[in-house]
Amino acid sequence: MRWRILSVIGMLYAVQFIPATFTLMTVPIVLRKEGHSATTIGFVMLAGTPYILKFLWAPLIDKYRLGRDRYKSWIVALSSLHVAALLVLAFLDPSGPVIPLFIVLFIALAAVSTQDVAVDALAISLTHREERTMGASFQNLGIYLGAIVGGFGFLHLYDRIGWTVALLAQAAIFTAPLLMLVLVQEPARPRSAPKVTFRNALRFFVQPRIRPWLAILCTMRLPLALITLPLRMMMVDQGMSTEEIALWFGLLAMSAAGGSSLIIGPLIRRLPRVSALYLVGLINIAVLITACILAATLPGGVRVSIIIAWAAIAIADVALYGGAMDKVRPQIPGFDFTMQVAIMSFLPILMNPVSGNIYDNQGYLPVFATAVLLGFVPLAILYFWFGPFGTSAVGLDGEQVVSTGTITTDSAAKILDVCEVELAEHGITCSRPGPDCLLMEEMGCKVEMKALEGAIDIRIETPTDNFMTFIRDEIVEHVGEIDPKAIEEMRWTGGIRVGELPSNFRILRATRRQGIFPGLIRVTLSGIDVEALTRDGIHIKVMMPEERGRTPVWPVIAENGGISWPQGQDKLHARFVTIRQIRLHEREIDVDVAHHDGGLISNWAALEGDEQEVGVMGPGGDPHLPSTDNVVLAADYTGLPAVARLIENVDGRVTGYLFAAAPSQEALEAYLPPSNRKVTAVEPAVFSEQVADMIRNCTNEPVSYAWFAGEFNAAQTVRSIFKGQFGLSGKTQNSMAYWREGVPADGARVG
């Protein structure tokens, strides 16, 4: 967990949320004190509508930059605009006509809500998937720290020094983001990222299982938000002073919300997303009933009600923000996250005038009763889509969250040893919590294998069904090599669709080919379902019939959870390749294939004009390198496309060394994205022989991370250098065998 990054995220949200708190929480109290009706106050609060409309211009933030850094440059510009609006607002009279106040507030919130798009995108790009629930906790903690300043702080200042000076102080505080931004380095946007268009952005709504997630976003916060305006009006109407309101609402309620945000993150971080949402929904029901009873029956009960209501809202926000981060697409994180937050805020904001009007005319009881009934709606949605407490084992993306199985075998210890060796050959590090236990955690996936007497218990947790399909098949394949009988009888829990195509399978067609340089060919594949290939990795498995021209029979899910591949004349030939670029608008991807004589897929890649359909499974493979200096990379032709993808996903200013097979230095530099690394081209014919010595002698400085992809024996030698000479651990080095001398080259893992 990178606490510095999380802390900066929290600080950015803290400063940014001051004006939102000021407008949506504090201004209603100030206006009520100045004699305005709840209906009028509800109208002024519509100044917050830019928060639900910002998705309309969010793609512009993802597409354009105002300086060297895409999102940081937007944050600086929009902060300046917001400060200017605050300076105007400081000299308006809150007791006078509300229209000028509304207009300036609207402009101020349009600036800060657009800035929120850039901050959201920056936060997502700075955090890895496994950090996002904690990222949401720090985001929410920052929000409520900002709420304390915008609520308690502003009310306190307003009561003592007046409207104008208090707003000038807020403008001064808002310049803080400019200082915070120097603490983080914004990752470079991948050169292969699809073109940002509004049409591509709206494809967010055609993702798998998007409907239940949108329904949860709309309803989870609504009942709690419905009671917050009446609770604030009750505080004023019961005669509480501005100082009392500032204490109970501005300080204690927001502190409870911030504390809840920090506590709930670690508690739900390892829960499946559906289970976390069930927990949040039950907390909502309990809080709604308790808050309504306290406010309606006990003297001063509104004080406690406002505290627990905001604590519950914060808990809901952490779960919803974490889920929203998971749903974003890497090429347009600003739009995707903004759209989800807008959906989450839409009904609560629009219900403010309604709840205010009901409170003015009928009192608080109808509002509270409606809120309690609405609290059951998200639980009903979860039950309908996912079963009681997520027992269907299907995640919010239609993804397998957890699957368990038991292998009956007398070779349990041997199987664990073989799996550990196989994973190490592919650069995946395992741990041994005990002599009879093997644990793998990688890219948000967790696999635990426990050897028992005569059996192995297996538990798999993955963020997507794509990963689940790959992992179950790998387990079936490797265990089957040791004990074929045991694997025939194996069965899994959790959504096995026997006889169906794997969920991560799709059919594409080759439309164009381009020679990059001798030995490397770019093939363009097109199809209707390429958007799913933007997530989970950079490699895909391409397959086609071994008998050329034969109608393909595609693989299906077997009863043991593995992939059942067609045999005999229908046998398929498969090879992993690297996605070099994705163009969503054209529904195309480019894959770069290392070419050699005699390989079926290699020869297919070289056949100009052949538009044969191919099957594709995936993607997989970690697309991230650490953004640290002195990183050592090396790859032959089979790993060169992967190196290019890895480099373009980190800041180009990062330094290090790269050794790669290529016909010339010029050809290699033209192929790779620009970077500060020292790049050395190695003749392909001697790469495997010479690369170890080159790596060994490249630097005397400490190496922060090292990565290799190539022939099996070379990978073994290089791995010993990474661990021995460089002193790197499993998490800071990765040496992978993409092919093996003496094995047909089309058996290469990645090309």
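A: Helix α16 is followed by Gly 363, whose phi is positive, near 90°. The model is predicted, so local features need pLDDT of at least 70 and side-chain atom pairs count only at pLDDT 80 or more, while totals for chains, interfaces and linings use all residues. Residues are numbered from 1 along each chain as its sequence is written, and side-chain values use heavy atoms, with hydrogens and water left out.

Q: What makes residues 333-362 a helix, and what span does α16 reach?
A: Helices are DSSP runs of H or I with at least four residues, and strands are runs of E with at least two, numbered from the N terminus. Helix α16 has 30 residues.

Q: Where in α16 does the kink lie?
A: The kink, of about 35°, is at Asn 352, shortly before the proline Pro 353. The bend at a residue is the angle between axes fitted to the seven residues ending there and the seven starting there.

Q: Why is Lys 485 called exposed?
A: Buried means under 20% relative accessible area, exposed over 50%, and partly exposed in between (1.4 Å probe, protein chains only). Lys 485, in helix α21 (residues 484-488), has a relative accessible area of 59% and is therefore exposed.

Q: Why does Ile 103 count as partly exposed?
A: Ile 103 belongs to helix α6. Its relative accessibility is 46%, so Ile 103 counts as partly exposed.

Q: Which residues make the nonpolar surface patch?
A: Phe 43, Ile 99, Ile 103, Phe 106 and Ile 107 make a patch of about 420 Å². Patch residues have over 30% relative accessible area and no salt bridge, with nonpolar side chains (Val, Leu, Ile, Met, Phe, Trp, Tyr) joined within 5 Å and like charges within 9 Å. A salt bridge is a side-chain nitrogen of Lys or Arg within 4 Å of a carboxyl oxygen of Asp or Glu. Helix α6 (residues 98-126) supplies the largest share of the patch, 4 residues.

Q: Why is Ser 305 called buried, and which residues does Ser 305 contact?
A: Ser 305, in helix α15 (residues 301-327), has a relative accessible area of 0% and is therefore buried. Contact means heavy atoms within 4.5 Å. Leaving aside neighbours within four places in sequence, Ser 305 is in contact with Leu 231, Ala 291, Leu 294 and Ala 295.

Technical notes
Expected span 1.5 Å × (residues − 1). Areas by Shrake-Rupley, 256 points an atom, 1.4 Å probe, with all protein chains shown as cover.
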